[in-house]
Amino acid sequence: MSGAGEPGTPVLEVASYSLSYRTPSGPLEALKDVDLTVERGHTLGLVGESGSGKSSLAWSIMRYLPDNAVENDGRLSLLGEDLRACSPAEILEIRGSRIAMVFQDPGTSLNPTLRLGEQLAEVLMRHQGLTQQQAWAEGEAALARTGIARPADMMRRFPHEASGGEKQRVVIATAFACNPELIVFDEPTTALDTITAQQILELFGRLREETGVAALYISHDLGLVSRVAQDVAVINRGEIVESGPCAEVFRAPRRPYTRALLEAVPRPDQWLGTAPPDPAAPALLTAEGIRVEYGARSWLGRLLNPPAEAFLGAKDVGFAVRPGELLGIVGESGSGKSTMAKVLSGLQDFDGRVGFEGRGFQRRRAFDRAYRRAVQIVFQHPDASLNPRQRISEILSRPLKLYDIVPPERRAARVGELLEQVRLPADFAGRYPHQLSGGEKQRVAIARAFAAEPAVVICDEITAALDVSVQASVARLLVDLQRETGTACVFITHDLNLVRQLAHRIGVMNRGELVDMFDTAEADAPERHPYTRALLGAMPVPAAPETTDPLKERSLP
Amino acid sequence: MPEILRSPTGIAGAVLLSLVAVAVLAGSFVAPYDPQAFHPATRLTGPSAAHWLGTDQFGRDLLSRLLNGAPSTIGFGLGATLLGVGAGTVIGVIAGTAGGWVDSVIMRVLDGLLAVPELLFTLLIVTILGGGMGQAMLAVALAFTPGMARIARSSVLSIRTREYVLAAVARGEPGCYIVLREVLPNALGPIIVEATIRVSFAIMIGATLGFLGLGAQPPSTEWGLMVAEGRQFMFRNPWVVAVPGVAIALAALGFNLFGDALRDSLDPRRSVRG
């Protein structure tokens, strides 16, 4: 069906392709002179950070560009056929049947009002001219190939009745359904949990072997690309910086950008953290039997439907943070790790007891100003954690004023010191948050937390929304600040590799329970909880480039 | 705010609004005739060199009446909106920040009021309060309050869960600081835009009330009343109805377009970077 040919025939060829967007402030170059070839049976990994132009390229290949896009030059061809010369009607024929696409979030790429089967069968009816019954049968077979246990049952479900992994399997089955020549994967596992993502990757590998399809796999995650792709192209600011076989590029990167990117990938064997705290020291902050109930029901609800149970965000969670320690809390989405961050920072009602410096707090409203000053929080999204209508100076001077940390006339100077502490120029004080990049905003958020001179800082996924290279520098900054101030830290993350570089101890949460707690050095020990082992297994450590210069480590952007 | 003038809608809205503003501020001084003076010899004429927009059934100059009526017509729209938006915002912010049963009670009551069409609601209030400009303005303001409260509340709710607000709560900031400095400045955008658009509705409701004889009373030059008075002579001289009617439409359109453009430019990410 698909334009067969020998393995190695070029399926997609992108030759000196350039693209720019018209914006009110002049043209914005998104892609510059891009050259790529994806061969039959091969997977090309396209790696880049946010804003590098990797998604623009995906959309140009799909011929789905916004009105303000200007294609300047170059050629896009599918098996020698010029895609740019195709009429809109021809493109409609090509999409779905000869080029398919798998998007990042299966939660939004499926129509919530249609059954999964209808969405899968539609593609087959549209492109292969099957009748509804044939398409439905064919769809079941396609689902079975993706390893779904009861495909007939899954076909009749609506998207909200399937898990994220199951939905992504349906999307992948749809993409493979018409036996296309090329599939574009746009970060297909980013929205999934680690263990599910691992299964999806295995599925992808298996289906590719079976069908011999050519794939363009777009991702920001170098470790992941090294597992799925034979060839890799690194894109930065619209330009392909380096390309070649995966093994070669990752083992011996030729360009400084690739090297910096590779070195920024967290590797558990490279310890970044501070010296371990005294294990005999009394605990600074303790959580004892913390239980959080979401959707607590009114007396009427309980009366009408007594057996229904409330959803528990945390079940009897207990841990202790020692002075100067960095405690990692790891878990997948919905594991209750952010719930614990909210409990400790006084944003969530709870049952149980939070202890701090010998005092106990039984409920959220009991937290006083002294506690709130001593326990600060940094949030995940740098864009949302700073008030867009306040200047940086106002944002940073607020805790100074609220807790009366420095006299009023010293505040402006202190703001400058804080900015320098987080490696930002002092003149950022006059700027608004939207004039800063994501990494810079996160530094300001960290500075705001440290402005209160706290005893504990809770970091709730502070690196999750950042690019790999920025992520590494923010993690290093946090450790440096810890070293300078002796502040303890609760570092909440889903990235085990990252937390193993920073944390002295790691707690693992799953479905609201703390299932495991261990010293970082013992992460690989056999007595780990099965769930911890599953998490570790799903996140293989990427190989380090051969000639890593340890001196270069610390001079990343 | 030059950003607003970058879009065609913004330019159109701004031009219309500046015309309206000139009429409101200088209208009475530049009017060529006394708006109440009868000219029996030139009744119900179309546009001419002497009377640019024609005359009505008493031979009164329509241009002069239009200019003279601008302050009361536009003032009515602005005043009613300001009152309604003010009350609605206060109620909405209280409901949005308090949450729980306070929120439920306030919103259920407002939902009940929202079920009554705005014009009907206004008529009901005017019937109770009696006719006249002041009463009509109060009635329109009251009719606007539930809708504005709902918009203010939803805007507050979307801001209240932002991480910078959570950060302020975690810091232990006092409630009034959180509402006034963190939530309100960011929630104000949709409220202002909605208010601007609602000025146009207020002008039209005011005109409707004038038309029905429940707002301004003769010999006022309020535009709605002008339409009502000219209705009988509509077939002999369409200008009598068209002139104030088009004026109402243009003023309403001006506020509407301006409000639309304002929404885009109020986004801080767009207005500062340029």
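Where in helix 7 of chain B does a kink lie? Let's start there and then move on to the core and the contact between the chains.

## A kinked helix in chain B

In this predicted model, helix 7 of chain B has a kink of about 55° at Leu184(B).

Just after helix 7 of chain B comes Gly213(B), with a positive phi of about 80°.

## The largest nonpolar core

The largest nonpolar core holds 221 residues, and the members that touch the most others are Leu216(A), Val456(A) and Val490(A). Chain B is represented too: its helix 5 (residues 133–160) gives the largest share, 14 residues. Within chain A, domain 1 (10–108 + 179–262) and domain 2 (285–541) both give residues to this core, so it lies between them.

For a closer look, pick Val490(A). Leaving out residues up to four places away in sequence, Val490(A) touches Val321(A), Leu327(A), Ile329(A), Leu344(A), Val456(A), Ile458(A) and Cys459(A).

## Where the chains touch

Contact between the two chains involves 20 residues of chain A and 18 residues of chain B. On the side of chain A that touches chain B, helix 14 (369–374) and helix 15 (392–402) of chain A each supply at least two residues. The residues on that side of chain A are 10 nonpolar, 7 polar and 3 charged.

Notes: Residues numbered from 1 in each chain as written. Chains lettered and ligands numbered in written order. Predicted model: local features only at pLDDT ≥ 70, side-chain atom pairs only at ≥ 80, totals over all residues. Core = buried A, V, L, I, M, F, W, Y, C linked by C-beta atoms within 7 Å. Buried ≥ 20, exposed ≤ 12 C-beta atoms within 10 Å, placed from the backbone. Helix = DSSP H or I, 4+ residues; strand = E, 2+ residues; numbered from the N terminus. Domains from an automatic or database assignment. Contact = placed C-beta atoms within 7 Å. Nonpolar A, V, L, I, M, F, W, Y, C, P; charged D, E, K, R; others polar. Bend = angle between axes of the 7 residues up to and from the residue.
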